[in-house]
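Biologist: I am new to this structure. Please take me through its aromatic rings.

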Amino acid sequence: MNKELRTILILHGWGLRGNIYKNLQTLLEKEGYKVFVPDMPGFGDEPLTNSAMNLTDYVNFVKKYIVKKGLSEVIVIGHSFGGRVGLKLSYLYPRLVKTLVLTGVPVVRHINIKGKIVKFFLKNLIGLRPVFPVSLLKFGRKIIYRFIGEYDYYKAGNLKKTFQNIINEDISLYAAKLIMPVLLIWGEDDIFTPVSDVEKIKLIMPRVSSVILKSNGHRLPYENPKIFIEAMKQYI
């Protein structure tokens, strides 16, 4: 990894906050980098800027953060939801981003027929209230949302509308137009954004490299930061 003075901005995943990447930040700083890991609106100590934010709102928040800190040509590491933000940031403000590192980011869309069918039945669970206790029905909804791969939506609470705004935006349209180098670092065992997505993303992006790490999943950047950084060293 080049140890010239560079700045890294880590954008966290949905439901998380910046300090969960503390070990990754510390290790990168030992490599000679300045590292910033902000909480994004609605998470940690950062309040929402409005009641139902969209992806552009988050991009503008990050842009203002970069300007406020006096940063330029940053290396952006985007994990999951943070990668969505980082990708659109890179598209709208390419001069701010030197390199984009994506890990576990849902760039390509999946048709979830199973989910659509199950959601139909979920909406009709209210008819079962006279038969089953509310607590049991709530537990059943939790299990079902996990089953269809939309547990983030289930636990979003007052961020449900924001979550829908984020996932409904097709970021693959921006991915195809990026001009900076992009590195994909994926856990082979990622069950939320399957490793098969990597080849699909590579067909979209013009300047992309990829590293697949065995025995790692969606939480790779904060559960196994040493291996994550070793993967980065090959390309940055």
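Modeller: Rings of Phe, Tyr and Trp (its six-membered ring) pair if their centres lie within 6.5 Å; planes under 30 degrees apart count as stacked, over 60 as edge-to-face and the rest as tilted. Ring pairs of this kind join Trp14, Phe43, Tyr58, Phe81 and Phe163 in a cluster. The model is predicted, so local features need pLDDT of at least 70, side-chain atom pairs count only at pLDDT 80 or more, and totals for chains, interfaces and linings use all residues. Residues are numbered from 1 along each chain as its sequence is written, and side-chain values use heavy atoms, with hydrogens and water left out.

Biologist: How many aromatic pairs does a search of the whole structure find?

Modeller: The search finds 8 aromatic pairs.

Biologist: Why is the pair of Tyr21 and Tyr222 called edge-to-face?

Modeller: The ring centres of Tyr21 and Tyr222 are 5.5 Å apart and the planes stand at 85 degrees, so the pair is edge-to-face. Tyr21 and Tyr222 are 201 residues apart in the chain.

Biologist: What makes the pair of Tyr91 and Tyr174 stacked?

Modeller: The planes of Tyr91 and Tyr174 are at 25 degrees, with ring centres 4.9 Å apart, so this pair counts as stacked.

Biologist: Why is Tyr174 called buried?

Modeller: Buried means under 20% relative accessible area, exposed over 50%, partly exposed in between (1.4 Å probe, protein chains only). Tyr174 has a relative accessible area of 14%, so Tyr174 is buried. Tyr91 has 29%, so Tyr91 is partly exposed.

How values were computed
Helices (H or I, at least four residues) and strands (E, at least two) are DSSP runs, numbered from the N terminus.
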